[in-house]
Amino acid sequence: MTALVVQGLTKSYGGVQALRGVSFSVSTGELVAIIGPNGAGKTTCFNLLNGQLAPDAGDITLDGRSLVGRAPRDIWRLGVGRTFQITATFGSMSVRENVQMALVSRERRLYAPFAAFPRLYAAEADALLERVGMLEQAARPCALLAYGDLKRVELAIALANRPRLLLMDEPTAGMASEERGALIALARALAKTDGIAVLFTEHDMEIVFGHADRVLVLHAGELIAVGAPEVVRVDARVQELYLGAP
Amino acid sequence: MSGSALLLQFLNGLAGANSLFLVAAGLSLIFGVSRIVNFAHGSLYMLGMYVAVWLAPATGFWAAVLLAALIVAATGALVEIGVLRRLYQAPELLQLLATFALVLIVRDFALWAWGPQDMLGPRAPGFGDAVFIAGAAFPRYDLLLIALGPLVFVLLHALLTRTRWGTLVRAATEDREMAAALGVNQRWLFTGIFGLGALLAGAGGALAVPREPASLAVDLAAISDAFVVVVVGGLGSVPGAFLAALVIGEVKAFCIGYGYSEITLAVEFIVMAVVLVLRPWGLLGKPLPAPRGAAAVEPPLGRIDRKAALALACLAALLAGLPLAGDEYTLVLATDILVFALFAVSLHFIMGPGGLASFGHAAYLGLGAYGAALLLLRAHAPTEAALALAPLLALGGAALCGWFAVRLAGVYLAMLTLAFAQIVWSIAFQWDSVTGGSNGLIGVWPAPWLASKSAYYYLALLVCGIGIALLWRALGAPLGYTLRAGRDAPLRADAIGIDVRRVQWIGFAIAGTFAGIAGALYAFSKGSISPETLSVPRSVDALVMVLLGGVQTLTGPAWGAVLFVWLQDELAREVEYWRAAIGAVVLALVLVFPRGLAGYLKERFAR
């Protein structure tokens, strides 16, 4: 079942066209990687998808509902979870409280003035942390975590709203190589069991070709190849882009 | 208004724009290079005025202007070397606070040196008479000022664009780290730019002497005007300061010309607010480059566990027994302490977890106080109703200012909240028929059942106790956590469904309301109120209380208030210049304990 449909997405900054007419779709339970050299438009694409930027043209729909023109917070409520390229967690809170924050937001109790926050949805937060393997560190302040662990916490936060679409911007950047495979395998398992469409950007080709169901290749704002890893691997234009002209 | 009168008002505006420009350009230059908003810049302007008036009889007017500018420039350079140089790496809030401490010190210095009376200066020789323009008299001296503004602008522009030193200044404004990496000697550059900025402010003050008397209130008036100008023009931009000074100068001239001098500040605020919403970095400014390196991570906020709750309950029981042991003086002081503890805790609510450091929190204390007094005296409401309804006025003010404030950050936020407070102050100060003007309102006494000091103390204990408990409770509830989420990582907060501006606005309004409750209690405890209640130094008192206790602690600000009010009481009895003493305490605090006393003790004994 198709979850995300992107059609003719276009965005320029001043005179620079960051994305030109990009179209693709992601299905439920599918793990799709976006690759391309630096400046190809990967992060721009992500920022358009979760509403941090507004597109100049094109449409984005999730389960048939358009996401264009909505604020990130509203897009999140429609079922889009996101992890950031540079991890962003609430440094003054513990790991558990970070996840609780997302749960409190899901339940629309953000402005409750009297309820004791530490007791709200603590069990559900722990269950999410267990899924990403962070339960043992639940009480630690987020500010003290190792980088790879922060990425897992971000994943747990993103899962709190039972997302339909999960956006992961360079989820393994800054991690040790054995950790990388584990994180993507985790994301893959979550996608399959919960029926989440996962879109991620990645520089590590081993991860991309080892775990993605499909690969999108962006170059200078244009989509130059789409398909299964083994198809994209032998695509002439991709070979030229990464290996130089034959 | 006739055509010639219109022309005269216009010229009047141009003349006024001159001193606005001189002060604002200095402020802007200093900010551009050092990233410090110098709150004491208005004090340097005031110093320029006093020195010129003081020297003129001995040296003549023109030599006095020159000497005043040079003396103020030297003062500015010394301040940079002695104080600010140690603070370039400190958090923004502490920098602002340190420069504010200088305001207090300079004001008391002027009081000591020249006394409390306004001092009229001489006229400029050769420019004392009037010329006739379109059939109306216009001071010749003002024509000189009109010519002087553009001249200074051109000179300053040449200095910045045609000299090597100017190139370095512009490089440092553009990218401080890069300039340092290229081997620019930052120390002398910073001292030099402070000296230049102070020179401009001192000259501005000295040149204003023939137009207005030197007085002790000039410093805050000048700095809030300068804030409006640099915000409208764009921080760090000299042409922006020039353009904005013209705009604001004209706005002031026409407001006064049409007989609405009371609303001048309000109109200025509206101009500033509109510019901030449309172009947050000012007419000719550029968005500030984000500082490199990771943002500071705030430590977690403490919680009241079982043990702490028990200790607080014991404290409450102890406080309830105070009227049995203490005399009237002690009870009055204890009531003050309770009121200001609530005030400090309300500021901490939005400043610590919310990350919005308001430099005008006394505005809401004052709105609550004036609200209570007006309800009692003008609407003849009973005490209970006045106490209950007055905080709504503070809520209204906080909601208005907060709507703009949550769209800003850092120094812009500080300037906006300060300017708002200054406007509320000037309304209270100038609206004689309603607020009693500078005398304030007297006869604000509570109902007979609250008339005794002990009864009123119990009321304050009950209301402030509940108020503080509610605010602390809210910080441990989703509301407080949501505020912290917005401060810690706004992008992440937005990506999990949090409307950061909205929660900050709510937090700002709540903080203002509780400050208003404190204000209403304060009015009835004193029996009278004056504009002093909501003056800017009062706002800074609150900041000091919070910092004294530690911004990122839960109960610290309440202890900070206890210590501050007690200290102030002691100082005010023993020391004549207690404001300066407080300034000195603040400076010491900022330089020695940047994390606050509670924060320092926690760090010290945590390991």
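Student: How far apart do the C-alpha centres of domain 1 and domain 2 of chain B lie?

Tutor: They lie 34 Å apart. Keep in mind that this is a predicted model. The domain assignment places domain 1 of chain B at 15-216 and domain 2 of chain B at 329-535.

Student: What makes residues of the two domains of chain B count as being in contact?

Tutor: Two residues are in contact if their C-beta atoms, placed from the backbone, lie within 7 Å. The contact takes 4 residues from domain 1 of chain B and 5 residues from domain 2 of chain B. On the domain 1 side, 3 residues are nonpolar, none is polar and 1 is charged.

Student: And between the chains, how many residues does the contact take from each?

Tutor: It takes 27 residues from chain B and 31 residues from chain A. On chain B, helices H19 (453-475), H20 (478-488), H21 (490-495) and H22 (500-526) each supply at least two residues of the side that touches chain A. H20(B) gives the largest share, 7 residues. That side of chain B divides into 17 nonpolar, 3 polar and 7 charged residues.

Student: Let's turn to chain A. Why is chain A called as compact as a globular protein of its length?

Tutor: Chain A has 9 helices and 10 strands. Its radius of gyration is 18 Å, and the globule rule gives 18 Å for 246 residues, so chain A is as compact as a globular protein of that length.

Student: What makes a residue of chain A count as buried?

Tutor: A residue is buried if 20 or more other C-beta atoms lie within 10 Å of its own. Of the 246 residues of chain A, 47% count as buried.

Student: Why are E6 and E10 of chain A said to stand at the edges of the sheet?

Tutor: The open sheet has 6 strands in the order E6-E7-E8-E3-E9-E10 (chain A), with mixed pairing. Strands E6 (80-83) and E10 (222-227) of chain A each have a single partner strand, so one side of each is left without a neighbour in the sheet. The twist from one strand to the next averages 15 degrees.

Student: How do you know that E3 and E8 of chain A pair?

Tutor: Two strands pair if DSSP finds at least two bridges between them. Strand E3 (residues 31-35) and strand E8 (residues 197-201) of chain A are joined by 4 bridges, so they meet that definition, and they run parallel. In one of these bridges, A:Leu31 has A:Val198 in E8(A) as its partner.

Notes
Residues are numbered from 1 along each chain as its sequence is written. Chains are lettered from A and ligands numbered from 1 in the order in which they are written. This is a predicted model: local features need pLDDT of at least 70, side-chain atom pairs count only at pLDDT 80 or more; totals for chains, interfaces and linings use all residues. Ala, Val, Leu, Ile, Met, Phe, Trp, Tyr, Cys and Pro count as nonpolar, Asp, Glu, Lys and Arg as charged, and the others, Gly among them, as polar. Domain bounds come from an automatic or database domain assignment. The radius of gyration is taken over C-alpha atoms; the globule rule is 2.2 Å times the number of residues to the power 0.38. A residue is buried if 20 or more other C-beta atoms lie within 10 Å of its own, exposed if 12 or fewer, and partly exposed in between; C-beta atoms are placed from the backbone. Axes are lines fitted to C-alpha atoms, for helices over the stretch in contact, and angles run from 0 to 180 degrees between N-to-C directions.
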